[in-house]
Each structure stands twice: as structure tokens, then as C-alpha cells.
Amino acid sequence: MSDEDDLEDFEPDHDDFEKEEDEKETEEGEDYRKEGEEFPEEWLPTPLTEDMMKEGLSLLCKTGSGLAHAYVKLEVKERDLTDIYLLRSYIHLRYVDVSENHLTDLSPLNYLTHLLWLKADGNRLRSAQLNELPYLQIASFAYNQITDTEGISHPRLETLNLKGNRIHMVTGLDPQKLISLHTVELRGNQLESTVGINLPKLKNLYLEIKNAGLQT
């Protein structure tokens, strides 16, 4: 069985994802920046290393024709990382957690075309923009410094978490491309309206409108 067959059959566990979000709700004051708090201007450069990869890799699976194997899950949380360039070489990764670091750039993830699940909470990201990832189904960018919703165009994306950022207006969420997106979390931003949220499969929308006292 090929990678593509495995990915086509993948069913994300949304219950576990939502449970984790609920548990984090009680800890967010400790784990992430408080609203309005700024990150320090400079951090010592800390690139992802091979040793960190060895510690963080797990879940050995078949790849390609089924004759080879590779680890497909990576967790490198709380490593003070500023650079994940090394991930460009780990093209078989399907589950990646790089949360609670100091990342400003996720572009190496563009090479992970088998990616199914991404968590990048609690970094210094100003954008969630990535190339179109054909199999990505769950993506979380909570508690960063993201100011817009441009560059999110993954056709199988089902759950998107942008909680606790600096988004004023939703733009770029193309209903022609985001045909599977049913859950969007936007609480803790600075939204002024719901303009730009027009998704065909949307079932769960969580947001607050600035100065309106409206919460959905």
C-alpha cells in the first residue's frame, strides 16, 4: 500500500484534538503569552538539530511501495527553536508538533507534502501561510502574532485553530479551495466583523467581535 493510499484513508480524531484544546484552556495563562503581551525582541538562534529529531521522532510506518519504513510523527515542543530548516529533508512526516518555540517561519513545512496534522501554537508567527498541502486536515496556529488569514488553501483541511492572535479581518479563505473546512476557532483576536467567513462545509465557528460583545 502506498503513502497516498494511507493518507486517503486517514480519519483525524477530532475528539482528541478538541479535548486537548479544552484542557489547554485552563493552562493557557501559563503556557502562552497573555493577551497583549509581547515576546522579547531577540532570541539566541536555536536551529533544529539531528539529535533533537532523534528524540522527537516516533510512529514507524511504511512508505512508498511499502518496502521501506520511516518515522512519520515528530514532537519538538519547548525547545526554544528559532529555525526548523532541517525538516525539509524529512518528507515522510505526517504529524508535526513544533509548539511553544520561537519560530517566525514555517516555510520548511512546504516540503512535507504528506502532512496530515500540524500544531504550531505559542510561537512568534506573523502568518499561517504555507503552500497548498494536499493532505493536511488539522492545523493549529494558536497564540502567535498572526495578523491575517491569507495563504490557507489546503483542500482537505477540516479544522483550523487561530485562537489568540491579532487578526482584525478574515481574508483569503477561499470557499472554492477550503471545501472540507468545518471547524474554525478565532476567539481571542481583534475581529471587527464576520465578513470573509463564507465556507460551504462550516459547522463550528468560534469567535468574538471587537467592541460588540458578540461571541459565537
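Predicted model: local features only at pLDDT ≥ 70, side-chain atom pairs only at ≥ 80, totals over all residues.
Strand E3, residues 95-97, and strand E4, residues 117-119, run parallel and are joined by 3 bridges. Asp97, for example, has Lys119 in E4 as its bridge partner.

Next, the charged side chains. Side chains of opposite charge can pair when their charged atoms come close. How many salt bridges does a search of the whole structure find? The count is 2.

One of them is between the side chains of Glu55 and Arg79, at 2.8 Å from N to O. This pair links distant parts of the chain, 24 residues apart: Glu55 sits in helix H4, residues 50-56, and Arg79 in the loop between strand E2, residues 68-75, and E3. Glu55 has a relative accessible area of 58%, over the 50% cut-off, so Glu55 counts as exposed. Arg79, at 26%, is partly exposed.

Then there is the salt bridge of Arg187 with Glu185, where the closest N and O atoms are 2.6 Å apart. Is Glu185 buried or exposed? Glu185 is buried, because its relative accessible area of 9% is under the 20% limit. Arg187 is partly exposed, with a relative accessible area of 22%.

Terms used: Residues numbered from 1 in each chain as written. Heavy atoms only, no water. Pairing = 2+ DSSP bridges. Helix = DSSP H or I, 4+ residues; strand = E, 2+ residues; numbered from the N terminus. Salt bridge = Lys/Arg side-chain N within 4 Å of Asp/Glu carboxyl O. Buried < 20%, exposed > 50% of the residue type's maximum accessible area, 1.4 Å probe, protein only.
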